[in-house]
Amino acid sequence: MIRCLVSGILIVAWVLIGDSQGEETRVDAKEIKIAPAPAWAASARVLSATCDDIGRLADTKDRFGATVVLLYAVGQTSNGWCPEASYERIGEFITRAHETELKVVCYFDTTLAEEKFFQGAHCEWAQQDQSGKPIHYQPKHIRQQRYAFCFNSPWSKYVASAASRYAQLGADGVFLDNPDYYTFGGKKSCFCANCQRCFKEETGGHIFAVTDDTRLKWLGKCLGEHISRVHGAMGKATPDRPLVVTANICGAGPIRNMRVLGPYLNVLFREVGGGAELRKTLEADLRACSGKPLWVIMTTPWGDPPETARSLAAQLEDVLGSGACPMVWATLPSWNPERPGFGETSIYSESLLGDVVKKFYLPGSRTQK
Ligand SMILES: [Zn+2]
């Protein structure tokens, strides 16, 4: 039995493990206490933004009814998609948003970084498969390789330090994207030297020798502890301000899901998914998340504006009807690798999309059910 204390936030995890043959192996987080979300998170109406939208903040709030901005702008590590911006610009954006009475949650990819970051001194931070190969891939909409980094490596402190910087700049929270292990074509896991060493220290076992189930439970706990480390670093930077700590946990995999990672977050976050069963899916999430707010990003397929607007409205109806909080792309993402980040179509330029957001976001503009 091992107790782990993570700075700022108490995590008590019991790790029971038998011999290295995996005969009696349990790696469970039993009790996780985290600071509750600020009250405003429970009624959030979220719109995405980049630093280029600094001149649109009054519209964001007054014309469209948003209460929170999810800022896609990273100060030091992009994932080959999220727009980069200096910390100075991010700070200016946050200050201006606060003057407009908007909250700002900053985006950070908690796992993936672009190729140029890997080529520096950070190769040893990468997640590795069983043969020791670093995990990388190149999605169609990204120009360069993405590398996945391990939460048991110094990468975790690196992410915590970036999030702490956001908090110092006034951010009201952080959104951690893509929290997962990204082994492709093999065992979903990380077998890097850091994981081998930490697993041995914590359990006495060998990470190669235990069952998949035992290893995945342990890795899920490690990822959760990484999230807590990030939260702890932000809380230390701004001890008097309650913060949102959320992560995209929409997946159905063994680690990236509400059950494993939800306990480490004070706001839950998922992509819509669910298809025709969306409202039921969200209601089930809400029942399972112990009263924590649930934010849901609209990832409607982006076609022509009328079709996109119809699909967005249907999703918003379900999200708000379930009691969750919606997050809408103010500008639709670009799928062109030559132009990563966001495209041209936005609620500011396309009235069909803008009207849908107004209808569901502005107080009193929609009949409450
Ligand atoms: Zn590792």
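Mentor: A residue is buried if 20 or more other C-beta atoms, placed from the backbone, lie within 10 Å of its own, exposed if 12 or fewer do, and partly exposed in between. On that count, 49% of the 369 residues of the protein are buried. This is a predicted model, in which local features need pLDDT of at least 70 and side-chain atom pairs count only at pLDDT 80 or more, while totals for chains, interfaces and linings use all residues. Residues are numbered from 1 along each chain as its sequence is written.

Trainee: How many helices and strands are there in the protein?

Mentor: The protein has 10 helices and 15 strands, where helices (H or I, at least four residues) and strands (E, at least two) are DSSP runs numbered from the N terminus.

Trainee: What makes E7 and strand E8 a pair?

Mentor: Two strands pair if DSSP finds at least two bridges between them, and E7 and E8 (residues 146-148) have 2 bridges, in the antiparallel sense. Tyr137 stands opposite Arg146 in E8.

Trainee: In what order do the 3 strands of the open sheet stand?

Mentor: The order is E6-E8-E7, with antiparallel pairing. Strand E6 (112-114) and strand E7 (136-137) each have a single partner strand and stand at the edges, so one side of each is left without a neighbour in the sheet.

Trainee: Why is H8 called roughly parallel to H9?

Mentor: Axes are lines fitted to C-alpha atoms, for helices over the stretch in contact, and angles run from 0 to 180 degrees between N-to-C directions. Helix H8 (residues 278-288) and helix H9 (residues 305-322) pack at about 30 degrees, with their axes 9 Å apart. Angles under 35 degrees count as roughly parallel, over 145 as roughly antiparallel, 65 to 115 as roughly perpendicular and the rest as oblique, and H8 is therefore roughly parallel to H9.

Trainee: Which residues of H8 and H9 meet?

Mentor: Residues are in contact if their C-beta atoms, placed from the backbone, lie within 7 Å; here Leu278, Arg279, Leu282, Glu283 and Leu286 in H8 meet Gln315, Asp318, Val319, Gly321 and Ser322 in H9. By class, this contact has 4 nonpolar, 3 polar and 3 charged residues, where Ala, Val, Leu, Ile, Met, Phe, Trp, Tyr, Cys and Pro count as nonpolar, Asp, Glu, Lys and Arg as charged, and the others, Gly among them, as polar.

Trainee: At what angle do H4 and H6 pack?

Mentor: Helix H4 (residues 155-168) and helix H6 (residues 212-237) pack at about 35 degrees, with their axes 8 Å apart. The residues of their contact divide into 8 nonpolar, 5 polar and 2 charged.

Definitions and conventions: Contact = placed C-beta atoms within 7 Å.
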